[in-house]
Amino acid sequence: MLKKKICVVVTARPSYSRIKTALTAIKNHPKLELQLVVAGSALLGRYGNAVDFIENDGFTVDEKVFMVLEGENPTAMAKTTGLGVMELSNVFYKLNPDAVVTIADRFETIATSIAAAYQNIPLIHIQGGEVTGNIDEKVRHANTKLADVHLVASEEAKERVIKLGENPDMVVNTGCPSIDLAKEIAESPNLDFDPIEKYGGVGESINWKDGYLVVMQHPVTTEYKQAKVDVTTTLKAIDELNIPTFWFWPNVDAGSDGTSSGIRTYREIHQPKNIHFFKNMEPNDFLRLLKNSKCLIGNSSVGIRECAYLGVPVVNIGTRQNRRERGKNVIDVMYEKDAIKDAVKNRIDSEIIVSEHIYGDGEAGKRIAEVLASIQLHFHKTITY
């Protein structure tokens, strides 16, 4: 029996966390063959070389696609997308998959969708139907319209995809594979490594063993000119709180040069004694670090998804996660120094936060593989109303 060839495209550090358990389940499924393509910032050292973690986890990378143009502004994002369409078209032609999987909503993912759809390759979209701010909102729903099968992460997301005119039989709530990793951590939560010893990073060698914060703040593509000002505001708040903090580098997006520049400038001028900076961590180590933290601050979706499952307090800043379905672990504030400080103190002093299973129960990877093995694949469709 011929196996279905499933080509998964990972374009960035967070995308790997969002698909890792599904990759394992596809790789191990008797009816499926995994074809793995790593592209975009997942190949770049300044964004943490996610490809190294992927290969260290035992996955074979079939193709690597270097497609990120310098500039980190909206024009560079558009050109990178165009280059991605050209390069990924060749990759899909060469690999000849039975289906292509595109993940979530980062701007590179639309290149995957276009390259597959125009070549009549059935497209599987993971994590459609959600709502946020940023360009991600447009890209996510555009991916939905190009996709033939929709593997969503919540019942609300499922309802939205169906309202977009998709065939209900092709929309399945599998949950989010990132919650599979969170479930593993919740079952064995102890921080069993020294973050600085294992990952190095830069900045002060902080005393984190009595408690620490984690910050992950990305630029907002629709507000990219504010990126340096916004990150400086958060840096001032965290500096004044004077709590040991692990701070993670931003994703590649329009405005990430502003965010990076703001971090470097603040670090050189103020030399904060309580902040240590990292580019990346293995997905499980990152979640273990979060689980043992006092609070996550920033605007990453990990605060909305995995932290809800893990019961980690979160201060979500700004508009990047606007209207995304969230749990009681999250407090929303804008970019105001004192408001951020007050919100962090509130979260630290809050009662124990109960785990909420908004984005799945920890079995998404296996469900995704089963759907891919059993579903009848098509590369054409019509709107249902």
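Biologist: At roughly what angle do the axes of H10 and helix H11 (residues 256-270) cross?
Modeller: Glad to start there: this is a predicted model, in which local features need pLDDT of at least 70, side-chain atom pairs count only at pLDDT 80 or more, and totals for chains, interfaces and linings use all residues. Residues are numbered from 1 along each chain as its sequence is written, and side-chain values use heavy atoms, leaving out hydrogens and water. Axes are lines fitted to C-alpha atoms, for helices over the stretch in contact, with angles from 0 to 180 degrees between N-to-C directions, while helices (H or I, at least four residues) and strands (E, at least two) are DSSP runs numbered from the N terminus. The axes of H10 and H11 come within 8 Å and cross at roughly 40°.

Biologist: Which term describes how H10 lies relative to H11?
Modeller: Angles under 35 degrees count as roughly parallel, over 145 as roughly antiparallel, 65 to 115 as roughly perpendicular and the rest as oblique. The crossing angle of roughly 40° therefore makes H10 and H11 oblique.

Biologist: Is the crossing of H10 and H11 left-handed or right-handed?
Modeller: A crossing is left-handed if the near helix is turned anticlockwise from the far one by less than a right angle, and right-handed if clockwise. For H10 and H11, the crossing is right-handed.

Biologist: How many residues of the contact of H10 with H11 are polar?
Modeller: Contact means heavy atoms within 4.5 Å. H10 contributes residues including Val231, Leu235 and Asp239, and H11 contributes residues including Ile263, Tyr266 and His270. Ala, Val, Leu, Ile, Met, Phe, Trp, Tyr, Cys and Pro count as nonpolar, Asp, Glu, Lys and Arg as charged, and the others, Gly among them, as polar. By class, the contact of H10 with H11 has five nonpolar, three charged and, for the class you asked about, seven polar.

Biologist: How many charged residues does the contact of H10 with H14 have?
Modeller: The axes of H10 and helix H14 (residues 337-349) come within 9 Å and cross at roughly 50°, which makes H10 oblique to H14. H10 passes H14 in a right-handed crossing. Among the residues that meet are Lys236 and Glu240 in H10 and Lys337, Lys341 and Lys345 in H14. This contact of H10 with H14 has four nonpolar and two polar residues, and the charged ones number five.

Biologist: How far apart are the axes of helix H2 (residues 20-28) and helix H15 (residues 364-374)?
Modeller: H2 and H15 pack at an angle of about 45° and are therefore oblique to each other. The contact involves Thr21, Ala22, Ala25 and Ile26 of H2, with Ile368, Ala369 and Leu372 among those of H15. It has six nonpolar, two polar and one charged residues. The distance between the axes of H2 and H15 is 7 Å.

Biologist: In S3, which residue does valine 37 stand opposite?
Modeller: Strand S2 (residues 32-39) runs parallel to S3, and three bridges join them. There, valine 37 stands opposite glutamate 63.

Biologist: What is the strand order of the open sheet with mixed pairing?
Modeller: Its edge strands are S8 (202-203) and S14 (330-333), each pairing on one side only. The seven strands are ordered S8-S11-S10-S9-S12-S13-S14.

Biologist: What angle does the direction of H10 make with that of S10?
Modeller: Four bridges join strand S10 (residues 245-248) to strand S11 (residues 275-278), which run parallel, and phenylalanine 248 has phenylalanine 278 as its bridge partner in S11. Helix H10 (residues 227-241) packs on the sheet, touching S9, S10, S11, S12 and S13, and its direction makes with that of S10 an angle of about 170°.

How values were computed:
Pairing = 2+ DSSP bridges.
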